[in-house]
Amino acid sequence: MTEEAPAPLLKLRNIRKSFGDLEVLKGIDLDVAKGEVVSIIGASGSGKSTFLRSINAIEPADKGTMDFDGQQFDFDRDSRYYPSARQLQALRARIGMVFQSYNLWPHKTVLENVIHAPMNVLGQSRAEATEVAGALLDRIGLYDKKDSSPQRLSGGQQQRVAIARALAMKPRLMLFDEVTSALDPELVHEVLMLMASLAKEGMTMLLVTHEMSFARDVSSRVLFFDRGVIGEQGAPSKVLRDPESPRLRQFLHSILHDDLSQAGAAKGLIQ
Amino acid sequence: MSGYLNDIQVYGPGFLSAAWTVLWLTLLTIVLSWVFGLAAALGQRSDLAWVRAIAAFYVWFIRGTPALIQIFIVYFGMPQLGIRLSPYTAGVLALAINSGAYVTEIIRSGLQAIPKGQTESSLALGFSQRATMRTIILPQVARIILPSITNEALSTLKNTSLLSTITVVELTLYAQTLISATFRPFDFYIAVAIIYLVLTTILTQLAAFFERRYARLY
């Protein structure tokens with residue numbers, strides 16, 4: 001972020017993406033240094049999920065360049081730096097992604113979910129992959145569930161397994177796409193705790209989130225996405241407490257208002 | 001009564017071997033129809049327009065014409081183009097092409113039932129499209145479509161009786177031969193029906209076994 005910082009792990013320039021006539025990303029520039037935790041907030045439809053999905057090209061951008069970990073890509077289809085299918089696979093193998101709907105594979109056990117990619121993408125032996133997976137499952141407190149079907153797990157447990165599955169690839173960068181949005185409120189905490197501990201260990205993370213307290217307490221930077229551009233960014237204390245733009249103020253107010261009205265409704269029920 | 005026991009002794013071995021013919025014709029046809037069905041179902045999702053067009057035409061043509069006509073085209077029609085097949089080869093090929101079109105539609109609906117997130121999480125870990133299809137999507141599709149695939153297999157088994165029209169000595173033609181010699185159509189058609197029933201029951205039980213085994217995995 002600062003001038004004297006080493007070359008960023010991820011450098012994006014002029015990322016653009018349209019769905020038909022609708023321009024969702026209107027030229028995003030972003031540098032992410034190693035070890036940074038960047039939270040992306042914004043109203044739905046502001047392009048934040050699309051942006052995250054363009055980074056590992058699950059949904060490739062139409063235009064823009066990306067430097068990741070010393071490799072250059074150009075998402076313009078005419079460019080000679082446009083990534084081949086093989087290059088995209090190699091890129092994705094080094095970027096972990098966790099989804100809102102967990103997306104664990106129901107036909108595999110918890111352990112098989114975690115070892116599948118290390119064995120078949122990285123070429124690890126079953127023994128090696130199982131050892132790494134065992135340690136990860138132990139860490140998330142689900143080692144005893146290793147032979148269960150993921151569908152027998154709670155949402156929070158499934159999401160932790162999904163994080164372990166991504167970590168088993170030893171990624172250089174982790175993308176979290178609203179990973180707690182589908183969870184029951186009481187299960188959100190266990191997932192956020194795991195993410196916070198990853199952040200503390202120095203994992204570089206980019207997350208789209210509605211958890212303002214997590215964005216405030218854990219991230220090093222907050223981006224406010226507004227209609228396809230970064231409307232405002234900076235330290236969490238600045239962006240969340242002292243927003244400059246009226247639109248960010250309005251956004252934060254609406255979230256705060258939601259919280260308050262929910263609390264009010266709950267209070268009303270109790271009385 | 002002793003007359004029927006005598007019948008079993010006399011005609012039993014012949015029916016057994018005809019039933020055996022039905023069985024292996026069916027199994028061969030089923031396997032081949034899965035190959036055709038999978039190829040066409042994947043072809044429907046191809047990036048190449050001409051591949052999608054071929055797959056669409058295949059399903060449209062086969063589902064829109066009678067199986068009997070398709071069998072005649074392969075067995076009687078193809079020799080005119082210089083391709084002469086034995087009744088057995090022509091029969092299996094025609095039935096497999098026929099059943100494959102229905103299998104295509106079954107697999108297509110199965111593919112549609114798998115959430116997009118399953119593919120995305122696999123791609124995000126660095127798997128290719130092909131590896132994703134093979135290790136993540138198709139195993140789940142197989143489980144979903146098992147009941148419909150079983151139905152289609154039963155149809156295939158029963159459709160082998162159509163091959164009596166192109167001189168394949170399966171159950172139906174064997175019975176017809178006996179009937180023309182004995183003038184006992186009721187007895188022999190009932191016998192044939194019973195044997196088909198035994199074969200379809202075996203097939204259904206086999207499918208039920210696989211369904212239970214899959215259910216345990218989840």
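A residue counts as buried if 20 or more other C-beta atoms lie within 10 Å of its own, as exposed if 12 or fewer do, and as partly exposed in between, with C-beta atoms placed from the backbone. The views below show a predicted model, in which local features need pLDDT of at least 70, side-chain atom pairs count only at pLDDT 80 or more, and totals for chains, interfaces and linings use all residues. Residues are numbered from 1 along each chain as its sequence is written, while chains are lettered from A and ligands numbered from 1 in the order in which they are written.

**View 1. A:S54 in helix α1 of chain A.** Helix α1 spans residues 48–55 and includes A:S54; helices (H or I, at least four residues) and strands (E, at least two) are DSSP runs, numbered from the N terminus. A:S54 is buried because 24 other C-beta atoms lie within 10 Å. Look for A:K17: 37 residues separate it from A:S54 in sequence, and the C-alpha atoms are 8.5 Å apart. Beyond neighbours within four places in sequence, A:S54 is in contact (C-beta atoms, placed from the backbone, within 7 Å) with A:I15, A:K17, A:L25, A:E59, A:P60 and A:A61.

View 2. Buried here are A:V191, A:L192, A:L194, A:M195 and A:A199. They cover an arc of only 155 degrees around the axis, so they sit on the same side of α6(A); the arc is that of the directions from the helix axis to the C-beta atoms. The face turned away from that buried side carries the exposed A:E186 and A:K200. Among the elements covering the buried residues are β3 (37–42), α5 (155–167) and β7 (173–177) of chain A. After the helix comes A:G202, with a positive phi near 100 degrees.

**View 3. The largest nonpolar core.** A nonpolar core is a set of buried Ala, Val, Leu, Ile, Met, Phe, Trp, Tyr and Cys residues joined through C-beta atoms within 7 Å. This one has 79 residues, of which A:V114, A:A164, A:L175, A:F176 and A:L206 touch the most other members. Its largest share, six residues, comes from α5(A).

**View 4. Where chain B meets chain A.** Chain B brings 17 residues to the contact and chain A brings 20. On the chain B side, α5 (116–124) and α6 (129–159) each supply at least two residues.

Definitions and conventions
Contact = placed C-beta atoms within 7 Å.
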